[in-house]
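Please study the sequence and the three-dimensional structure shown here. A short briefing on selected features follows them.

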Amino acid sequence: RAAAPQGGVGRKSGRRLEGEMPATGADEWHWVNLPGGNVEQPLVDLCECTEQDAWHSGLAHEGCGPGRGCIVVQTNATSSFHVIFSHTAAPSRNTQEPVLRFVVGKRRNSMTSVGLGNPYLKKEPIETTKSADALLTSDPEKSRTFWFLYDKSVGVAAMGCQGAPQADLCRLVCRFRDTIGFRAEVCEGLRYISLSSGKRPVSLRIVGAGAPPDVSIPRFRFDPVAWQQLPWQGASVVFQPPAHHRQLLERAQQILANSPIAPFYCLVEPRCLCLNVYRLLDPHRRGELLDPGEDGESVSWDACYEEVHRRLEPLVLRSAPWTYWPLRFDRADATTVTLAPTGLGCKSSMDEWSRQVQASSGLRNSATNREVLTIVFAFEVFPVEGENAAQVRRDVVREITALLEKEWGTAEFRSPELAVWQAHTDFVPYTGGGLDGGELTTKHTTAAAAPTF
């Protein structure tokens, strides 16, 4: 293994931080060898991050800066190491400097943690994980890859496994959008990324550093920076909940909103709480309305909605006033309530109604059997990963379940209606004739007029 370079090609400042990424053409296996005793070595100045720093990580170097950075590290170490985001390149140990510090393999490799300070404030991390792939390898012959990031634009500190930061690979996530202290303010100007050993020596391969990728879950449907939904078109048949049960769903939302994990979630607008029972169209299914070979992108959404309404109106929509589903509470989690038919007769009626919708519309239902009977009252924006957050989520689910078990009884759903979706949790009822004031056509504004179905 090559020892960490002690110098290199200069930047605008005419110098490089000790141990920084090697110049182009240098040893591709860039190792940093740290002696024991909590020795720190600065690696990256996020204000001067270049493509050379991104190296083999696949990270973009544009967008780096104070409070926005990510590093990918590979190691076969069996001793703990630290990744430190700090305001200065100076050592932070016992300085009371407000650094953001990840520790992999803490307490004899029983956990990985993140917190503020070196050591942590009150010697307690903010969050920990015991996930096996977030810990050090137990076999020195097998290496592991970890990534660490902080992104002030969304207030997220996260770490995960493998080499590509993304939502499903997160193993530890903190969101500094709460009322606890001034965490977001403290991390606003974090400029340098350093590595540190624990009590024992450690060798680490630096895969690369760059801008933090988006690790939110509903990508392309929700903007986590602006905290607003993005346009998303579709059509489905929905049941509105009875007034009493809508109030229960709003109380479930309030339980989540009052919990410490609220910053990880976005609540559905109360007017959009519904049982989304038959999902007809989404952005990938417009072509199912057309003959084979025709381009669905050439048809405006307004024309699609009108055609679906025309097909459903003679039977499904006219029979809506006497369509009746009595449903009981089955189970809940932190974002949804799942219901169940009150008996076999109810289940048979529901199945027959679904067959009639398919026969009338000529479109299959893209909802799974579970989704048909699920009401979504919130959705997860950032992964809830970490021992503390997971425990809070269990407490939230327990409280919501207790509320609904006690008060739900039987909900009488009736009068289904055609809904058109303008975001993935935002719909308006559609009664034909187009919608006023909405952007209902695709981006292909120069396309030929929609065909007559």
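Predicted model: local features only at pLDDT ≥ 70, side-chain atom pairs only at ≥ 80, totals over all residues.

Residues are numbered from 1 along each chain as its sequence is written, and side-chain values use heavy atoms, with hydrogens and water left out.

**The sheet**

- Helices (H or I, at least four residues) and strands (E, at least two) are DSSP runs, numbered from the N terminus.
- Six strands form an open sheet in the order 2-11-4-5-6-7, and the pairing is antiparallel; two strands pair if DSSP finds at least two bridges between them.
- Strand 2 (40-45) and strand 7 (127-129) are the edge strands, each pairing on one side only.
- Within the sheet, strand 4 (residues 81-86) pairs with strand 11 (residues 192-197) in the antiparallel sense over 6 bridges.
- Phe81 stands opposite Ser197 in strand 11.
- Strands of a sheet pair through backbone hydrogen bonds.

**The nonpolar cores**

- A nonpolar core is a set of buried Ala, Val, Leu, Ile, Met, Phe, Trp, Tyr and Cys residues joined through side-chain atoms within 4.5 Å; buried means under 20% relative accessible area, exposed over 50%, and partly exposed in between (1.4 Å probe, protein chains only).
- The largest core has 85 residues, and Leu280 and Trp325 have the most contacts inside it.
- Helix 5 (residues 301-317) gives the most to this core, with 8 residues.
- Another core, of 39 residues, lies apart from it and includes Val32, Val114, Leu172 and Phe176.
- Contact means heavy atoms within 4.5 Å; beyond its neighbours within four places in sequence, Leu280 is in contact with residues including Val308, Leu312 and Val357.

**Helix 6**

- The buried residues of helix 6 are Cys346, Met350, Trp353, Val357 and Ser361.
- Seen down the helix axis, these residues fall within an arc of 65 degrees, so they line one face of helix 6; the arc is that of the directions from the axis to the C-beta atoms.
- The face turned away from the buried side of helix 6 carries the exposed residues Leu344 and Ala359.
- Among the elements covering the buried residues of helix 6 are helix 5 and strand 17 (275-281).
- Gly362 follows helix 6 and has a positive phi, near 70 degrees.

**Gly69**

- Gly69 lies in strand 3 (residues 68-75) and is buried, with a relative accessible area of 0%.
- Gly69 and Leu190 are 121 residues apart in sequence and 8.6 Å apart in space, C-alpha to C-alpha.
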